Each structure stands twice: as structure tokens, then as C-alpha cells.
Amino acid sequence: MKHDRIRKLVVLAIAIAFQVGCTTPSTRTPDLDAQTVDEETRKQLEVMFETGLAYHDRTIKVAYPLLKAAVPLCSTDTAYTLGIDPVNKYTLSKSMRPILEASYGIGEQLVILSIPPGSPADKAGLRKGDEILALGGQQPSTGHKANEAWRELEVQVLAAGEPVTLSIIRDAEQVEITLVPDQICNYMVYENFSSDVNAYASGEAVMLTAGMLRFVNNDEELAMVLAHEIAHNVMEHMSARQSNYTAGSVLDIVAAVAGVNTGGAFGAVGAASYSKSFESEADYVGLYIMAMAGMPIDDAPVLWRRMAATQTSSGGFLASHPTTSERYVALDRTIDEIHAKQEKKELLRPNIKN
């Protein structure tokens, strides 16, 4: 007990000495009141929301025509859409909800905030801020799961691809608008605020980081990244990698039975099998998707060269997207192949092995 008291006294003495001996700022900074700090927090949240909305507007503007053009390659993984993904205050984080209500008037009801150019919503004259009342005569849900319920309602009502009536509130008046849905590849496209220069496909979605959106110089380069990731989904590369991982894991299990702990090494090797080939195939199919959408493709190698020259870390995009000289040569050859088909007015489709 005596030793414990001595130890506590020593710790206390060290703490007091640290406080006395530390150098403190010599200037007198302004006093801050809680109300002013709260107001600044609100302003920063508004900037965050507006920045995220600008990112999403840019992304879907480029992604929408690619998803529409790639339908012949998506097999049965397609869906009809109006080109809108409405939100309510529960769509974003809890800290953002007061901002949505106070500054944008977004509450329980679903509201349109993003409209891709050329989409059915755009062609029908829908606007940002339109509040959704009903789709095909059916009222969408409100509250915490309104977004998920909207997607289910959209799938149900648009299943036949026939024109549909959307009821909205605009300027305090109810308006009925008829839209003809588009068929697109059924992949969600979204962004996050990570500063890493990265993008990836999950098989069901495509994700871009804020770092990637800042890295690309223009919408043509953004289209190259998006088309590449859409191509991964089209060619079912995620499923292939999972199958390769499973095949490799069989050897891990066999080794474990024999008393050898591989730490999942064979599974990891299996997952990495044909990774370089998958990336090359995504380049190849991605360029075709861009061409099918009527987008220019000649500068595609420029983006990847700049990526290799400036993104030298082992993380981010280059961690899963190898940049080799062969890749650039293959891109040039693919561009030549597509232009040759365009000149001959041939159907633009990737060449498939027998």
C-alpha cells in the first residue's frame, strides 16, 4: 500500500511539472461563443452537402449514357428507369438532416435533387426540388426506408417499360407528368469523400472517390474510368474472382487437413489469378461501351499514362489496376479496331473468343 501511494504521488508530481513547464501561446485569441461556432458548423455542413451533390451530378451525367449504351452487353442484368433517385432527409447522415430541412426544405417526402441529361426525367421537364406524390398511381413510402421502397416501387411499376405517370408537387401545385422509361444496365453508381484516387466495381455497383473526381481533367476522362468499371460488372469479373478464390481455398483446406496452416495463401493466389487479364478486358470492353455511347475514345491512353506517372503509391487505383506498357499498346490497338468498325459501319461490339 505504501508503494502504491508513493507511485501515485510521483505520477501527480510529473503531471504538475508538465503543466508548469509547458510553453503556452503568447497571444490572446478572440473569445468564441457557442452560437457562432454552431453557425460555422452549419455552413460547413451546407458546403459538404453542396459539394457531394455537385460530385453526384457530374458522375451521373457521364455514367447515364454509358449504362444505357451498355445494355446489349449486360445480358439480363438490366432495369427500366426514369433517371431519378429521389431523397428525403433520412437519405443522408443524422448530422445533415437539419441542413436538408432548414436550407432545402427536404423532410419526410421524397424530393428530386439530381437529373441526368437525356434521361426520361430530363426529357419530361422534371426539375430539382420537385416533390414526388405518386408513381403510376401508387404513393411511395416516406421515412427512414423511403429510398429502398422507391427502388422497389420503380421496379414494379416500370417492369413492362411502358409510359408511366408521375405525380409531383411543384410551387405548391400538383402536376401530372408522363414519362417513357429507359432501359439501362442495373448498376448503382455512387461516390464517397475519400481523397484516394480510386474507383472499383462490386458486380452490382460502381464507386468513385472524390480523389478520382478531382484527378480526372474532364468528363471524357471520367467516362473512361466509369466505362472501365462498368465493363468489370458486364464481364462478371467479381464473380470470376470469387470462383478463383474458392478454387484456391480448396488447397488451403487440403493443407489444413495435412496439418499445414497456409493462412489462406492459395485462396489469395486464386483470387489474383488472371487479374491482369481482367483489367485488360475491362479496358477493351470499356472502350467499346464509350464508343457505343457515341463518346470520343482517342485520348484514353493519356489518362492511364498520367495515372501511372502521378499515382506512384502502392495504394489507391494502382493497387488493383496495373499500369504496364502492354496496357497502353493494347488501348491503342483497341481504338484502331473500333475506328475501323465505325468506318465500315459495322455493329460496335467487342470481339468474343470462340
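Visitor: How many disulfides does a search of the whole structure find?
Guide: This is a predicted model, in which local features need pLDDT of at least 70, side-chain atom pairs count only at pLDDT 80 or more, and totals for chains, interfaces and linings use all residues. Residues are numbered from 1 along each chain as its sequence is written, and side-chain values use heavy atoms, with hydrogens and water left out. A disulfide is a covalent bond between the sulfur atoms of two cysteines, and the search takes it to be a pair of cysteine sulfur atoms within 2.5 Å. C74 and C185 form a disulfide, with 1.8 Å between their sulfur atoms, and the number found in the whole structure is one.

Visitor: Why is the disulfide of C74 and C185 called right-handed?
Guide: The pair links distant parts of the chain, since C74 lies in the loop between α2 and β1 (78-81) while C185 lies in strand β5 (residues 182-185), 111 residues apart. Helices (H or I, at least four residues) and strands (E, at least two) are DSSP runs, numbered from the N terminus. The disulfide is right-handed because the torsion about the S-S bond of C74 and C185 is about 90°.

Visitor: Which kind of aromatic pair do Y55 and F193 form?
Guide: Rings of Phe, Tyr and Trp (its six-membered ring) pair if their centres lie within 6.5 Å, and planes under 30 degrees apart count as stacked, over 60 as edge-to-face and the rest as tilted. A search of the whole structure finds three aromatic pairs. In the pair of Y55 and F193 the ring centres are 5.9 Å apart and the planes stand at 55°, so the pair is tilted.

Visitor: Where do Y284 and Y288 lie?
Guide: Y284 and Y288 form an edge-to-face aromatic pair, with 5.3 Å centre to centre and 65° between the planes. Both Y284 and Y288 are buried. The two residues are four apart, about one turn of the helix, and both lie in helix α10 (residues 275-292).

Visitor: Which residue lies over the face of F215?
Guide: A charge sits over a ring if NZ of Lys or CZ of Arg is within 6 Å of the ring centre and within 35 degrees of the ring normal. At 4.4 Å from the ring centre of F215, the residue over the face is R306.

Terms used. Buried < 20%, exposed > 50% of the residue type's maximum accessible area, 1.4 Å probe, protein only.
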